[in-house]
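Let's take a walk through this one together. Have the sequence and the 3D view ready, and we'll stop at a few places along the way.

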2 protein chains.
Amino acid sequence: MAYTAPLDDMLFVLEDLCGLDAIAQLPGLEEASPDMVAAILEEAGKFAGNVLSPLNVTGDQQGLGFDDGAVTTPTGWKDAYDQLVEMGWNSPTAAPDHGGMGLPQVVNACIQEMFQGANMSFQLCPMLTQGAIEAIEGYASDALKETYLPNLVSGVWTGTMNLTEPQAGSDLAAIRSKAEPEGDHYRISGQKIFITYGEHDMAENIIHLVLARLPDAPAGVKGISLFIVPKFIVNADGSLGDLNDVRCVSIEHKLGIHASPTCTLAFGDKGGAIGYLVGEANKGLQYMFAMMNNARLNVGIQGIGVAEHATQHAVAYAMERKQGGTPEGSAPTIMGHPDVRRMLGLMASRTQAARILAYRAAASLDFAHRAEDAETRAYHQRRVDFLIPVAKGWSTELGVSSASYGVQVHGGMGFVEETGAAQHLRDARITTIYEGTTGIQALDLVGRKIARDKGEAAREIIAEMRKSADALAQMTAPGADWAALSRGVAEAAHLMSETTDWLVSQNGHEPQAAAVSVLEMFGITLGAWAMGDAALHAAKRIADGRGSKALSAKLNFAGFYMTNVFPQARGLQQIAMAGAGNVLTLQSADFGV
Amino acid sequence: MAYTAPLDDMLFVLEDLCGLDAIAQLPGLEEASPDMVAAILEEAGKFAGNVLSPLNVTGDQQGLGFDDGAVTTPTGWKDAYDQLVEMGWNSPTAAPDHGGMGLPQVVNACIQEMFQGANMSFQLCPMLTQGAIEAIEGYASDALKETYLPNLVSGVWTGTMNLTEPQAGSDLAAIRSKAEPEGDHYRISGQKIFITYGEHDMAENIIHLVLARLPDAPAGVKGISLFIVPKFIVNADGSLGDLNDVRCVSIEHKLGIHASPTCTLAFGDKGGAIGYLVGEANKGLQYMFAMMNNARLNVGIQGIGVAEHATQHAVAYAMERKQGGTPEGSAPTIMGHPDVRRMLGLMASRTQAARILAYRAAASLDFAHRAEDAETRAYHQRRVDFLIPVAKGWSTELGVSSASYGVQVHGGMGFVEETGAAQHLRDARITTIYEGTTGIQALDLVGRKIARDKGEAAREIIAEMRKSADALAQMTAPGADWAALSRGVAEAAHLMSETTDWLVSQNGHEPQAAAVSVLEMFGITLGAWAMGDAALHAAKRIADGRGSKALSAKLNFAGFYMTNVFPQARGLQQIAMAGAGNVLTLQSADFGV
């Protein structure tokens with residue numbers, strides 16, 4: 001089922017809910033006028049629908065080849081990658097002085113959603129390269145930047161992030177890989193697992209960013225450094241030299257993303273891979289944390305992209321599949337069945353809400369990086385920090401859930417692989433795990449993002465939610481129950497406020513036991529705010545004579561969200577606040593061990 | 001990860017919550033004394049753990065062979081099947097006069113849970129045979145019984161149910177397969193899809209039960225008849241004759257249950273397969289409906305079995321995987337992490353609650369079939385009819401959700417197929433679809449089971465729940481917050497009562513739009529009742545000096561369930577009662593089509 005980029009909704013969210021006009025006035029982003037952005041997104045949508053989407057199913061079916069350390073991508077992938085590089089889609093936000101497009105983060109969020117939605121296995125490669133670019137742009141020396149950035153930005157080379165080791169997953173403090181100094185470089189040794197696109201055949205070189213420990217580095221998180229380890233050594237003239245001492249030992253046989261190589265990399269089996277220190281020694285984890293917002297947002301956006309694709313797939317099936325007619329008459333399509341419509345409504349309305357949240361976070365990244373006023377920058381940085389764990393955790397959980405509803409809408413056909421509905425579920429299932437599990441996002445939210453600042457960032461958002469509730473209460477346009485929407489957003493703000501107060505007042509382990517319920521609840525309440533705002537702006541556009549089918553639909557989906565999604569929030573709050581104690585009561589022995 | 005049958009919990013539920021003593025006094029079930037049942041279940045547990053469980057992973061990995069109409073099961077499967085037949089496990093409830101064990105349904109529920117939990121792909125074969133036996137036992141002529149039952153009961157032959165056709169899935173009224181009379185038999189033609197174990201190499205013969213239409217049969221549901229169509233014609237002396245005109249055209253490539261052949265069967269390509277009418281003409285669908293309670297309960301039990309296996313798997317990993325230590329000390333296992341314990345608590349407590357519900361439904365099947373008093377039989381039949389859609393729908397949904405939590409507990413390793421956690425999710429995913437989707441169960445619940453009798457069966461259960469709440473309020477034993485448990489069960493009864501009143505008062509399409517939310521809510525509220533009762537009986541056993549680790553754990557899980565699962569019920573009620581209107585408001589155009 002071909003993916004179609006939801007351009008209308010994306011542009012509506014960018015313009016009316018993310019302040020694209022104001023973003024286009026930030027220093028360095030002057031090119032991002034709404035017209036230019038619309039043109040860019042239209043082209044990106046074509047690439048997603050025409051090039052990436054057809055390869056999604058064939059890539060899943062064909063999978064990867066692996067022979068003696070070499071990974072072969074599925075038929076057509078290298079060609080598609082060449083087109084991506086050719087068209088400049090590899091790194092839309094990279095600075096123009098390194099050959100990037102210099103687009104706002106919020107516009108990149110749309111592009112990433114399209115590409116991830118069309119073909120998650122493929123787009124993981126550019127996504128990881130973007131992380132490598134960001135690390136080098138942010139922390140490497142000018143010499144390293146000059147050597148590595150241009151080819152990474154263009155995509156002639158790709159990048160990887162080498163964090164995980166067998167004993168070091170969620171807990172990176174346990175990293176054991178070593179780096180021995182040797183002249184102007186280091187010799188890296190150790191084993192890294194779960195390295196996405198750690199080896200493949202689509203690009204000339206692969207630039208690994210590797211966390212490792214220097215000799216005599218302090219134990220734990222403060223003794224980890226970041227290194228560039230190229231697959232092929234780059235000569236002084238920029239040409240490629242010898243193969244470095246890095247080897248892909250195996251690739252994983254996974255539930256999903258079958259066409260994305262997940263590699264075990266052995267560094268230093270022949271004496272040590274040559275690596276170059278990025279920034280200062282022992283600051284590697286700090287650099288990683290600084291990059292984490294972008295990476296986590298991108299994974300959240302994967303969840304949204306897959307949810308959108310699964311929704312389109314299920315809607316198409318529901319419009320075509322006939323079932324349940326009378327003996328006399330022809331059967332109606334299952335779109336007419338209330339429960340099918342309920343499932344599609346859950347898929348579509350939550351995807352729309354999560355899109356708004358994620359794009360708002362991306363817009364705040366732009367303001368946080370580029371606003372001229374320090375106070376504005378700080379305000380948006382707090383907002384980014386607060387929204388990211390929710391955008392990552394909630395969007396990926398609803399991505400999995402939407403893909404599962406997509407299977408259900410297809411009935412028995414959904415369980416048959418050829419239908420393609422099951423692939424969305426298999427692919428989406430990784431998104432709640434990598435780049436920090438939902439549990440890790442939730443600990444970040446309740447710990448670093450709420451407890452540490454005593455709820456300040458949360459209360460700033462809650463204040464905005466209350467303004468939205470007030471604005472909704474003033475609305476009188478036809479097509480929505482504004483009083484109900486206003487009450488919903490007001491209650492959402494109230495629940496968040498109560499929960500924030502509770503979290504700030506806790507001392508023991510309760511916040512940890514409650515964390516995921518809090519995260520889910522905040523996702524739902526922030527989603528209610530997003531859908532309330534969306535209805536408000538949709539009604540304004542309609543009143544201005546700029547209405548469309550999608551905007552009228554938005555009013556229905558906002559109403560649906562408030563009565564079919566939002567009511568879970570209070571139950572989740574109860575579970576968080578009253579249930580944490582009973583989580584901590586459970587002992588190993590209760591599980592029979 | 002080897003499956004271990006939860007014998008202690010099963011026996012506790014049978015004895016204290018399902019009235020095993022009283023069941024063993026029903027006519028024909030006198031052999032089922034608690035001691036005998038314990039011995040039988042112990043043997044069944046060994047077969048599940050030692051024979052079926054090891055084949056679960058290898059069967060998934062190897063999958064099925066298909067060549068020119070012949071299906072090859074994975075290595076070791078035929079041998080395991082022979083053992084099943086040898087040991088008499090094929091059809092534990094079949095009447096002794098046909099060679100069955102004549103065990104109570106409630107004891108069979110335990111056996112099925114073990115075998116399904118250990119190896120769902122395998123146990124689907126006996127499960128389908130049990131359905132065929134039930135159809136023949138219930139409705140076929142004595143001659144057909146004599147010809148087919150002994151070998152089906154022993155398992156020397158297996159059985160299938162041929163309902164679905166490409167245009168007839170949830171809606172069987174659309175069936176087109178034909179049956180032309182020819183002497184003492186019929187010639188069957190048509191195509192059936194999704195036929196579980198429609199072809200395989202484990203048994204000498206396969207007895208297909210096929211829905212088809214006689215010439216001039218009325219249109220719709222009242223023109224469908226049921227036929228026996230053997231793979232090999234059975235000669236008058238009982239020996240096997242010619243191959244019948246039935247051919248396996250293809251098998252499906254599926255998300256899960258890779259070792260269970262899902263066949264497309266072509267009947268009558270060479271002039272018509274020979275078939276024999278079961279019971280009266282045009283009553284086929286009525287017979288199917290009469291068998292549906294058992295079939296649906298069995299699928300619900302699959303959900304519980306897979307949930308149990310996934311939980312055991314995740315607990316074992318959580319006790320072994322170390323992560324998150326300090327630089328100085330060794331890392332604790334992730335069992336110590338509150339969020340891991342929360343996920344395991346959700347898995348275990350809901351599985352336990354669903355087990356009680358399903359076994360209670362099975363116990364009522366025994367009373368409904370065998371109680372001497374007509375009033376008792378009628379009471380239990382109402383209870384069975386009411387509980388079945390909940391036991392099927394809720395148990396399978398939580399089976400999928402538990403398997404997904406199991407993946408999450410494993411982190412990145414959960415996404416790697418070799419770990420085995422993902423298989424539970426892939427396998428479980430079909431259970432909410434076949435034998436009536438969750439949506440179909442929910443329509444059955446709100447329509448046939450609540451609206452039709454104006455809530456009578458529901459109110460009988462609600463009255464029992466109130467008695468349980470009263471009993472909990474009287475408890476003073478240590479180890480549980482009895483007041484909280486009592487309040488929970490009382491609120492559960494109240495929510496069900498309100499929702500039943502609402503459903504009975506509705507006329508439009510609201511109940512259909514609300515149905516799945518109602519079903520989920522009833523699952524959770526009935527689960528609260530089950531866990532409240534379980535705590536009550538566990539405390540009594542402990543007070544009687546018959547305590548165990550599992551019984552003390554039950555008190556903790558009941559408390560956990562009440563604060564971590566039950567609070568979702570009120571939100572679901574709100575969604576059902578206030579959200580249905582907004583489901584019906586959504587139009588095709590809102591989905592962009």
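What follows goes from the pairing of the chains to the annotated domains, and then to some individual residues and salt bridges.

One thing to keep in mind throughout: this is a predicted model. Start with how the two chains sit relative to each other. Two copies of a chain are related by a rotation about an axis and a shift along it. The same surface is used by both copies, with 100% of the contact residues of chain B recurring in chain A.

Now look at the interface itself. Chain B puts 83 residues into the contact, and chain A puts in 83 residues as well. The size of an interface is often given as the accessible area lost when the parts come together. For chain B and chain A that comes to about 7,100 Å², with 64% of it on carbon and sulfur atoms. How many salt bridges does the rule find across the interface of chain B and chain A? The count is 0. Polar contacts are another matter: 30 residue pairs are in polar contact between chain B and chain A, counting pairs with both residues at pLDDT 80 or more. Several helices of chain B each supply at least two residues to the side that touches chain A, including helix H8 (284–320), helix H10 (374–409) and helix H17 (568–585). Of the contributors, H17(B) gives the most, with 10 residues.

Next, the annotated regions of chain A. An unreviewed UniProt entry places the feature "domain: Acyl-CoA dehydrogenase/oxidase N-terminal" at residues 42–155 of chain A. That span is 69% helix and 5% strand, and its end C-alpha atoms lie 21 Å apart. UniProt, again in an unreviewed entry, also places "domain: Acetyl-CoA dehydrogenase-like C-terminal" at residues 463–586 of chain A. Residues 463–586 of chain A are 84% helix and 0% strand, with the end C-alpha atoms 37 Å apart.

A:Asp533 sits in helix H15 (residues 510–543) of chain A. Is A:Asp533 buried or exposed? A:Asp533 counts as buried, because its relative accessibility is 7% and the cut-off for buried is under 20%. Leaving aside residues up to four places away in sequence, A:Asp533 touches A:Leu17, A:Arg360 and A:Ser468. Over in helix H16 (residues 549–564) of chain A you'll find A:Ala553, which is buried too, at 3% relative accessibility. A:Ala553 is 15 residues along the chain from A:Ala538, and their C-alpha atoms are separated by 9.2 Å.

Then there's a bit of backbone to check. Most residues other than glycine have a negative phi, and most peptide bonds are trans. A:Asn282 has a positive phi of about 70° although it is not a glycine, and B:Asn282 has a positive phi of about 65°. A:Asn282 is in the loop between strand E12 (273–278) and helix H8 (284–320) of chain A; B:Asn282 lies in the loop between strand E12 (273–277) and H8 of chain B. A:Asn282 is partly exposed at 27% relative accessibility, and B:Asn282 is partly exposed at 28%.

Finally, the salt bridges. Side chains of opposite charge can pair when their charged atoms come close. Over all chains the count comes to 48 salt bridges. One of them joins A:Arg382 and A:Glu456, with the closest N and O atoms 3.9 Å apart. This pair links distant parts of the chain: A:Arg382 is in helix H10 and A:Glu456 in helix H13 of chain A, 74 residues apart. A:Arg382 is partly exposed, at 27%, and A:Glu456 is partly exposed, at 42%.

B:Arg448 forms a salt bridge with B:Asp444, the closest N and O atoms being 2.9 Å apart. The two are separated by about one helical turn because they are 4 residues apart in helix H12 of chain B. B:Lys449 also meets B:Asp444 in a salt bridge, at 2.8 Å from N to O. B:Lys449 and B:Asp444 are both buried, whereas B:Arg448 is partly exposed, with a relative accessible area of 39%.

Note on methods:
Residues numbered from 1 in each chain as written. Chains lettered and ligands numbered in written order. Heavy atoms only, no water. Buried < 20%, exposed > 50% of the residue type's maximum accessible area, 1.4 Å probe, protein only. Contact = heavy atoms within 4.5 Å. UniProt positions renumbered as here; feature names shortened; annotations may be inferred. Buried area = accessible area lost by both parts, 1.4 Å probe. Salt bridge = Lys/Arg side-chain N within 4 Å of Asp/Glu carboxyl O. Polar contact = N/O pair within 3.5 Å; in protein donor to acceptor, adjacent residues only side chain to side chain.
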